[in-house]
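Visitor: I am new to reading structures. Could you show me one and tell me what backs up each term you use?

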Amino acid sequence: MQVPGWLRIVFLAVSLLCCALLLRTLSAGGGRKVDRLRAASAADFTPGENERLLSNLRAAVQIPTVSLARAQPDTAAMEAFRDYLPQAFPGVFSSDLVRHEIIANYSHLFTVRGSDPGLRPYILTAHLDVVPVAEEKWDFPPFSGEESDGYLYGRGTLDDKASAVGILQALEFLLNRGYVPRRAFYVAIGHDEEVGGDNGARNIAATLESRGVKLSFLLDEGSVILDHIIPGLKKPVAVIAVTEKGQALFSLKVNTQTGHSSMPMRESSIGILASAVSSAWAKSLFKVFYEFYYFINVSFLIFVPQMSFPLNIIMANLWLFAPIISRTLEKNPSMNALVRTTTAVTEFHAGIKPNVLPPTANATLNFRIHPAHSVQGLIEEMRYTIDDDRVKIDLLYGFDPLPTSPHDELAFGYQIIRTTVENVFPEVFVIPGLSVANTDTRHYQHLTEGLYRFVPLWITQEDTGRIHGPNERISVKNYEEIVRFYFHLIQNSDLNLRLNVHSSGHEL
Ligand SMILES: N[C@@H](Cc1ccccc1)C(=O)O
Ligand SMILES: CCCCCC(=O)O
Ligand SMILES: [Zn+2]
Ligand SMILES: [Zn+2]
């Protein structure tokens, strides 16, 4: 039977139309309109903006916002920082999209309104306080903000003013461009993170909780871009920390009789305490590599193709090579911290005069608890290991490792951060990981399960000693990248990425 010509044309037109529709649907990601990531480039900002962002960071570093001890901030510096903010970010403080509040006298909470109230807000957190400095070891005065050889020197450049100031700088540049966020978000800048955040971040979180706020995710400091720190990896690695170590602060105290040093007893308070400390220290060498391997084995398997021979063979066969790897990792303090609960003897005070037997000896042990362990387990371990009733053991402060935040393909916050890192730093590798240091994030646990710790600080092995150490500095180029990272993160948080994100705590 001959098909009439007109029918063939109709059939052809209909099939072409179906193909076009199918192609359009496939390219639009399953029918939902998917925005495109805005391409990031070094030209995101004008030369004038790059000058302004650098001078704003320098001015922030020049304010010595040292947090000495709990509830003992340097009030003059904290007030100076409060005055600095509206001068540095006039657009943020004059925008009717932004509400600024002072919390607990010296912390800052910014609420940025979104045009789509149906989208769950997120929060960017950082801290403005810094640890004290040991002046004699610095090449430039630590609060001078001196620029040399492409680096800005100063306490707080890496930890954490590049993030605190960088977030506000990115918001300033977006508002200058008339950007109106779809998704509301908060910016929280704490003033006492370095002494635990129990005044700043804790009160900011309580304020948000009292308002019934639920967050889609939180991004804070806590991990970085490791630039050739992991042996054998050809590419720099951006580690988005999806969990964080716990912490325990123990005080060890020994009291013994005093008297003339010409007639000493068999043992002294210093000797008893010293052997207690060294046995606790020896015990801390207990390895947890297997748990660690289990925790990030996927990442290592992703790594393997990126590794040079023979490391690629070794890492693909950890069942056999784990002990060797563990011994290699422990040689490097930052890698060692990844595979065990670490012990740091941070204070040791004893003795009153050269010719008097020491009546007391005190030591402080700071443990950073691996996710495989707990505070309670550590207390039992300490008692068992020291095994000496003359040593009085007190837990001054402690909290367990934080739960692992969602980091699968449905985890909105993790995917936004990951895609933004790949957008701004196409040359790095992104993996989930562990923050070996502690942050303010534990204060926000009731507001979201999506707690992520990452600032795109480009850290080499040498830089790890600058954090809380001498000659802390950040390259001008890296700080520009950090501002661009937040500039794109805020825009990317407005995208409805191809994610079937559901209501289990990290809904859109
Ligand atoms: N971030 C600092 C200060 C801190 C201590 C305890 C808890 C949280 C933060 C550290 O890791 O030591
Ligand atoms: C660079 C990351 C440091 C995080 C913990 C601190 O503020 O000391
Ligand atoms: Zn710090
Ligand atoms: Zn910090």
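Guide: What follows is a tour of this predicted model, term by term.

Visitor: How many helices and strands are there in the protein?

Guide: The protein has 14 helices and 17 strands. It counts 508 residues, and 51% of them are buried.

Visitor: What share of the contacts between residues at least 6 apart in sequence join residues at least 24 apart?

Guide: That share is 82%.

Visitor: Take Asp44. Why is Asp44 called buried?

Guide: Buried means under 20% relative accessible area. Asp44 has 15% relative accessibility, so Asp44 counts as buried.

Visitor: Where does Asp44 lie?

Guide: Asp44 sits in a loop. The loop runs between α1 (5-27) and α2 (47-61).

Visitor: What makes the pair Asp44 and Arg484 a polar contact?

Guide: The cut-off for a pair of N or O atoms is 3.5 Å. The side chains of Asp44 and Arg484 are joined at 2.8 Å. That value is within the limit, so the pair is a polar contact. The side chain of His488 also makes a polar contact with that of Asp44, at 2.9 Å.

Visitor: Which residues does Asp44 touch, leaving out those up to four places away in sequence?

Guide: They are Ala39, Glu49, Arg177, Arg484 and His488.

Visitor: What does the side chain of Glu101 make a polar contact with?

Guide: With the side chain of Arg99, at 3.2 Å. The limit is 3.5 Å, so this pair counts. Glu101 also touches residues beyond four places away in sequence, among them Ser107, His108 and Arg211.

Visitor: What is the order of the strands in the open sheet of 3 strands?

Guide: The order is β4-β5-β17, and the pairing is antiparallel. The edge strands are β4 (147-148) and β17 (473-475).

Visitor: What makes β4 and β17 edge strands?

Guide: Each of them pairs on one side only.

Visitor: How do you know that β5 and β17 pair?

Guide: Apply the test of at least two bridges. Strand β5 (residues 151-153) is joined to β17 by 3 bridges, so the two strands pair. They run antiparallel. Tyr153 has Arg473 of β17 as its bridge partner.

Visitor: On to the ligands. Which residues are around ligand 1?

Guide: They include Glu193, Gln247, Arg368, Tyr397 and Asn438. By class, the shell has 3 nonpolar, 3 polar and 4 charged residues.

Visitor: What makes the approach of Asn438 to ligand 1 a polar contact?

Guide: A polar backbone atom of Asn438 is 2.6 Å from a nitrogen atom of ligand 1. The cut-off is 3.5 Å, so this counts as a polar contact. From Glu193, a polar side-chain atom lies 2.7 Å from a nitrogen atom of ligand 1. From Arg368, a polar side-chain atom lies 2.7 Å from an oxygen atom of ligand 1. Taken alone, ligand 1 exposes 310 Å², and the protein buries 89% of that.

Visitor: Which residues are around ligand 2?

Guide: Among them are His127, Asp159, Glu193, Glu221 and His468. The shell holds 2 nonpolar, 3 polar and 4 charged residues.

Visitor: Why does His127 make a polar contact with ligand 2?

Guide: A polar side-chain atom of His127 lies 3.4 Å from an oxygen atom of ligand 2. The limit is 3.5 Å, so this pair qualifies. Glu193 has a polar side-chain atom 3.0 Å from an oxygen atom of ligand 2. For Glu221 the distance to an oxygen atom of ligand 2 is 3.1 Å, from a polar side-chain atom. Ligand 2 taken alone exposes 280 Å², and 90% of that is buried by the protein.

Conventions. Residues are numbered from 1 along each chain as its sequence is written. Chains are lettered from A and ligands numbered from 1 in the order in which they are written. This is a predicted model: local features need pLDDT of at least 70, side-chain atom pairs count only at pLDDT 80 or more; totals for chains, interfaces and linings use all residues. Side-chain values use heavy atoms; hydrogens and water are left out. A residue is near a molecule or strand if one of its heavy atoms lies within 4 Å of it. A polar contact is a pair of N or O atoms within 3.5 Å; within protein, one must be able to donate a hydrogen and the other to accept it, and residues adjacent in sequence count only if both atoms are side-chain atoms. Accessible areas come from the Shrake-Rupley method with a 1.4 Å probe; for residues, only the protein chains shown count as cover. Ala, Val, Leu, Ile, Met, Phe, Trp, Tyr, Cys and Pro count as nonpolar, Asp, Glu, Lys and Arg as charged, and the others, Gly among them, as polar. Helices (H or I, at least four residues) and strands (E, at least two) are DSSP runs, numbered from the N terminus. Buried means under 20% relative accessible area, exposed over 50%, partly exposed in between (1.4 Å probe, protein chains only). Contact means heavy atoms within 4.5 Å.
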